[in-house]
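Reader: Please take me through one part of this protein closely. I would like the sheet, and then what surrounds it.

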Amino acid sequence: MLWLKKITKIWTSAAAIAAIFCLGTVGAAHAQEPLKFNYGVPKADYYIVYVAKDLGLFQKHGLEPNFFFFTTGAPLLAGLKSKSLDVFTTGLASAFALGQDIPVKLLFWSLDDAPGEGLVVSAKSGIASYKDLAKAKAIGVPSGTCAQVALGLMARKAGVKYSDLKTVNIAPALYANAFASGSIDAGVTWAPYPQALAESGHKIVNYDSDYDGICPVLTGARTEFLKQHPDVGLKLVQITAEARATIEKNPQLAVDALVKYLSVTPTVAKATYDRLCCSRHPTFAQQVDPGSPYSLVSGSGGLVDKLHTATQILADVGSIPAPLAKEAIAAAIDASYVRQFVEAQKK
């Protein structure tokens, strides 16, 4: 019976080792499971996010976002406030989040939407540029948006009081009908709406380069979520960089994504991409350059100055009670992930 005891002991030891090995394998598999989280995005011209999603780049980097697409930034803000959303890509809704003391961190520029903005007028309006704004019978402009900031900047340059302009708070998707009915004869909006209106026979008389538009599209996350998952920030940068590089090699990916997600024609999608792409992209190197207009690291210039100016205008026109302080904006920016990425690229 001694031999049986020895064999039993060997089997027991082998079983124990096998069990430990199996547990280790299960643990490793569990550790490799993608991180699930909720990602909020307004349905706009954010083709980099769309392409990254469709190419499976998030999963490639160990992330599994559940995307929520919103018509405006308001429900996105509600989602951040209730902690229903973890990550977001949006325009000036990020400034509203800071203004509402929602604890978020702004991580990097995804796009600069300002080049796609424009002043669109009807053929019969008699308006040749923003200098003729006072002639407009009614100007379509959605309140609390980049478009309203753009109109405020135009008014400043034209020497016109914003309060003297006849404005209509209307969503850009409704501009075409408003033009057709004569409810408005001018409108300020962001891509792809100016391009779509031009396709319908209206005229884009100014783009942001004429009035120095401000419309940063930023990717950020709830501060608590980043603390719980400290590797997510860098992964989001890497995913964006990979999507950009892929699009540069094949721009049709971006055009197709805009057609798919925004239901615009290929012509409008191509015009939108051409306005936003290429040299107009804030590079990651520019974002960690203190002297860049896209800088994340300047305490008074770059993104800080753009958001401060934008909220100044929104406060002046009565959309928000007060502008954001530069110190508050700077404190909400976390450029560490972009720095890590840029340094890694140098090696």
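Author: Two strands count as paired if DSSP finds at least two bridges between them. The model is predicted.

Look at one pair. Strand E1 (residues 35-42) runs parallel to E2, with 8 bridges between them. Pro42 stands opposite Phe70 of E2.

Now the nonpolar cores. The largest has 104 residues. Within this core, Tyr47 and Leu119 touch the most other members. Helix H6 (residues 146-158) supplies the largest share, 8 residues. Beyond its neighbours within four places in sequence, Leu119 has contacts including Tyr130, Leu133, Met154, Val188 and Ile204. Another core, of 8 residues, lies apart from the largest one. Among its members are Ala138, Ala178, Ile184 and Leu197.

Last, one more helix. H10 (residues 232-249) has 18 residues. From first C-alpha to last, H10 reaches 26 Å, close to the 26 Å expected at 1.5 Å a residue. The buried residues of H10 include Val232, Leu236, Ile239, Ala243 and Ile247. An α-helix has 3.6 residues a turn, so residues three or four places apart point the same way. Arg244 of H10 is buried too.

Terms used: Residues are numbered from 1 along each chain as its sequence is written. This is a predicted model: local features need pLDDT of at least 70, side-chain atom pairs count only at pLDDT 80 or more; totals for chains, interfaces and linings use all residues. Side-chain values use heavy atoms; hydrogens and water are left out. Helices (H or I, at least four residues) and strands (E, at least two) are DSSP runs, numbered from the N terminus. The expected span of a helix is 1.5 Å times one less than its number of residues. Buried means under 20% relative accessible area, exposed over 50%, partly exposed in between (1.4 Å probe, protein chains only). A nonpolar core is a set of buried Ala, Val, Leu, Ile, Met, Phe, Trp, Tyr and Cys residues joined through side-chain atoms within 4.5 Å. Contact means heavy atoms within 4.5 Å.
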